[in-house]
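Welcome! Let us take a friendly walk through this structure, one piece at a time.

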Amino acid sequence: MDILLKVFLAVGLLIAFTILLCTYRAVVGPGIFNRVIAVNVIGTKTIVLLVLIGYYFERPMFFDIALLYAMLNFIATLIFAKYVQKGDLCSR
Amino acid sequence: MLEIIVVAFLAVGIFFMVVGAVGLLRFPDFYTRLHATGKCDTLGEVLIIVGLLLYHLFHYSETPLVCVKLLFLILFIFITNPTATYALMRSAYKTGVKPWKLGDERQ
Amino acid sequence: MRGKGFGILVTFCMMFLFWLLLSGIFDVLHLTAGLVCSAIVALISHDMIIKGDEEKILSKSFKLAIYIPWELWQIVLANLDVAYRVLHPKMPIDPLIIEFDTTLQSDLALVTLANSITLTPGTITIGITNGRFSVHAIAKEPAEALTVDGTMQQKVADVYMEW
């Protein structure tokens with residue numbers, strides 16, 4: 001077995017650990033904005049985690065999932081920011 | 001040799017990601033927390049993906065399309081991460097979240 | 001009119017390359033579907049990405065290629081700065097909000113400057129209203145570095161040729 005794959009596994013576990021740290025901020029808050037940055041950060045960390053999983057299990061389709069997840073995460077954050085600021089999604 | 005370079009990229013990247021998470025926990029208010037996450041996460045993720053890209057270039061050179069995909073992912077993270085940070089910051093500022101000043105209690 | 005055709009062409013090429021990247025299958029059916037889809041998207045939304053004359057766009061992209069390495073170096077410095085502030089036991093932060101005016105005009109230049117400020121040491125853009133930037137700085141020194149010497153603004157102005 002390739003030694004680098006073990007390194008990938010360790011890095012993936014460390015990323016999962018940082019996600020756990022961020023979950024504290026997402027649960028405790030305080031306030032809605034702190035929760036949203038925590039969720040946004042978890043989302044961006046998940047992108048890297050998906051790419052690592054793609055290499056570890058040798059499934060290339062995980063790269064596509066990572067790309068789409070990056071877009072969805074970005075759009076979700078933007079929509080959330082707009083929603084909290086304006087109160088609805090249609091006004092300019 | 002290649003392994004050392006890849007592991008170095010991954011190590012520096014994961015260091016910055018851990019620093020970002022610690023900053024998210026440690027800093028006193030929303031704005032300063034965005035400083036930690038907006039910068040450290042961007043660079044950390046990009047470094048990890050660059051390391052994986054190098055690994056791919058040498059181990060799976062028969063599928064170069066995936067390299068382009070990863071390059072696109074790097075570009076995308078570089079554009080979207082600061083923009084999302086900025087959007088949250090502006091939204092919080094307009095909603096009236098007070099910035100933390102030296103001497104205040106942490107939120 | 002000439003600029004419009006160029007904009008449609010560039011958008012079409014970008015969309016088609018993206019299609020090829022994501023599908024990865026090169027038979028007639030998939031290529032035709034990709035051509036049709038990217039043509040539709042290019043016709044509808046060409047003015048979102050590309051504006052202006054073609055000569056200007058080409059020289060702008062060339063100058064942007066020079067600007068990016070400097071920006072990358074700034075990003076590394078910014079990360080070391082934040083890492084130092086996070087890991088220092090006393091947390092040497094003293095946040096403040098500063099405002100300054102800019103002479104940049106076009107949307108793309110303003111976006112580039114805002115993203116650059118966000119990625120450089122110790123500062124994040126909060127908002128732009130009528131050419132006036134509001135910036136949240138994490139301590140006094142980065143705020144002064146941004147307002148006193150206008151290196152970054154000058155560089156962005158060079159890229160987009162707005163003096």
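The paragraphs below go from a helix in chain A to the annotated spans of chain B and then to the cysteines.

This is a predicted model, in which local features need pLDDT of at least 70 and side-chain atom pairs count only at pLDDT 80 or more, while totals for chains, interfaces and linings use all residues; side-chain values use heavy atoms, leaving out hydrogens and water. Residues are numbered from 1 along each chain as its sequence is written, with chains lettered from A and ligands numbered from 1 in the order in which they are written.

Start with helix H2(A), which covers residues 31-56; helices here are DSSP runs of H or I with at least four residues, strands are runs of E with at least two, and both are numbered from the N terminus. Its 26 residues reach 37 Å from first C-alpha to last, close to the 38 Å expected (1.5 Å times one less than the number of residues). Of these residues, 19 are buried, meaning under 20% relative accessible area with a 1.4 Å probe, protein chains only (over 50% is exposed, in between partly exposed). Just after H2(A), Glu58(A) has a positive phi of about 55 degrees.

Now turn to chain B, where an unreviewed UniProt entry annotates residues 6-28, 40-58 and 70-89 as "transmembrane region"; positions follow the numbering used here, feature names are shortened, and annotations may be inferred rather than shown by experiment. Residues 40-58 of chain B are 100% helix and 0% strand, with end C-alpha atoms 28 Å apart. Residues 70-89 of chain B are also 100% helix and 0% strand, and their end C-alpha atoms lie 28 Å apart.

How many disulfides are there over all chains? The search finds 0, a disulfide being a pair of cysteine sulfur atoms within 2.5 Å. For Cys22(A), the closest cysteine sulfur is in Cys40(B), 12 Å away, so the two are too far apart for a bond. Cys22(A) is buried at 0% relative accessibility, and Cys67(B) is buried at 9%.
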